[in-house]
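Subject: Structure for you to look at, with notes

Dear colleague,

I am passing on the structure we spoke about, and below it you will find my notes on what came out of it. Please read them with the model open beside you.

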Amino acid sequence: MASQAENPAPQDEAPVETGARDVGTDGSVDSADSRRRGGLRGRLNRLKDRRAVYLVPNTITCTSMFFGFLSIIWAVQGRFSDACLALLVSALMDGLDGKVARLTHSASEFGVQFDSLADLVAFGLAPAVLLFQWQLAELGRLGVAIAFVYAACGALRLARFNVNAHVGSKRYFVGLPIPAGSCTLVCFVFFAELFRDSLPTLTLIMSAVLTFGVGLLMVSNVRYFSFKEYDIFRAHPYRFLVLFLILLALLYSQPKVVGFLYCAIYIVSGLLYTLVLLPRHTNVQLLRTSSTDE
């Protein structure tokens, strides 16, 4: 009795709940329920981010795919000039979506995958159908095989690019880019109008060889300049503007001939760099390294 009188139990203290609530340094109470609600809210926000898409660049990509699909329809209907123009517009849209995404900071993994699927339709399937309906159908099963090789190589080119997008150098493409392959075939269709009626056999042979060759170049290890380091939105020397005016004037003067010539020069430039200049540069580096070691 004496000990209880000497140590009376405090009357103003509430029972302590162990493990139910945590008191923060600022006096706030963080319960287990609030933590669970916060975790659920965070998961919902991440789910919304994955479902959300950036409207502007993906709309441009969708427009590019639409013109590619339209090109297929027109090629089946025999409207080959319209089908070629649709592919050129599609290539223009494809060049814009990446620029818009970088300028607006709206690049996403969804946009990358969607762009590849759109490119497969616009620059893989559409040119194959166009060349088959225009010339390759005369070769029968061989024409089907050549058109399929181009489309399949385009799919392989896009798959390899997606896998190695963050590995290789941005200065060069490994393999001919699929939009450049499509533009080459389109410009050849326009160019061949100058001699198709007088030289039908030559037109057929050139169509088959070019379609098959462009398809193989897309899956090759030939390096092509990407132009990504030369941003059009920053300052450049004055001579670049003069050069652009000259190229534009030449293209306007003879669009069917000069357009195909530009594509041919781009294809040949990659072959020359990979087969001639790059081995010489590698040999020079090896000589310098060996002389330094000695």
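A nonpolar patch on the surface is formed by Tyr238, Leu241, Val242, Leu243, Phe244, Leu245, Ile246, Leu247, Leu248, Leu250 and Leu251, which together have about 1,000 Å² of accessible area. Patches here are made of residues with over 30% relative accessible area and no salt bridge, with like charges joined within 9 Å and nonpolar side chains (Val, Leu, Ile, Met, Phe, Trp, Tyr) within 5 Å, and accessible areas come from the Shrake-Rupley method with a 1.4 Å probe, where for residues only the protein chains shown count as cover. One of the patch residues, Leu250, has its place in helix α9, residues 238–253, and counts as partly exposed because its relative accessibility is 42%; buried means under 20% relative accessible area, exposed over 50%, and partly exposed in between (1.4 Å probe, protein chains only).

Before you go further, please keep in mind that this is a predicted model, in which local features need pLDDT of at least 70 and side-chain atom pairs count only at pLDDT 80 or more, while totals for chains, interfaces and linings use all residues. Residues are numbered from 1 along each chain as its sequence is written, and side-chain values use heavy atoms, with hydrogens and water left out.

As to the protein as a whole, it has 10 helices and four strands, where helices (H or I, at least four residues) and strands (E, at least two) are DSSP runs numbered from the N terminus. Read from the N terminus on, the elements run α-β-β-α-α-α-α-α-β-α-α-β-α-α. The protein has 294 residues, of which 31% are buried, and its accessible surface comes to about 19,200 Å², with 66% of that belonging to carbon and sulfur atoms. Of the contacts with a separation of 6 or more, 78% are accounted for by residues 24 or more positions apart, a contact being heavy atoms within 4.5 Å.

The next topic is a helix pair. Helix α7 (residues 178–192) and helix α8 (residues 200–218) pack with their axes 10 Å apart and at an angle of about 170°, and the two are therefore roughly antiparallel to each other. The axes are lines fitted to C-alpha atoms, for helices over the stretch in contact, and the angles run from 0 to 180 degrees between N-to-C directions; angles under 35 degrees count as roughly parallel, over 145 as roughly antiparallel, 65 to 115 as roughly perpendicular and the rest as oblique. On the α7 side the residues that meet α8 include Thr184, Leu185 and Phe188, and on the α8 side Ser207, Leu210 and Val214 are among them.

Thr184, in helix α7, counts as buried because its relative accessibility is 2%, and, not counting residues up to four places away in sequence, Thr184 touches Leu210, Val214, Phe260, Cys263 and Ile267. Ser207 lies in helix α8 and is buried at 0% relative accessibility; with the neighbours up to four places away again left out, Ser207 touches Leu131, Trp134, Gln135, Leu136 and Phe188. Ile267, found in helix α10, is likewise buried, at 10% relative accessibility, and beyond its neighbours within four places it is in contact with Leu176, Thr184, Val214, Leu217 and Tyr224.

How many salt bridges are there? The count comes to two, a salt bridge being a side-chain nitrogen of Lys or Arg within 4 Å of a carboxyl oxygen of Asp or Glu. In one of them Asp82 pairs with Arg79, with the closest N and O atoms 3.0 Å apart, and there Asp82 is partly exposed at 28% and Arg79 partly exposed at 37% relative accessible area. Another joins the side chains of Glu193 and Lys256 at 2.9 Å, N to O; Glu193 lies in the loop between α7 and α8 and Lys256 in helix α10 (residues 255–293), so this pair ties together parts that are 63 residues apart in sequence. Glu193 is partly exposed at 30% relative accessibility, and Lys256 is partly exposed with a relative accessible area of 34%.
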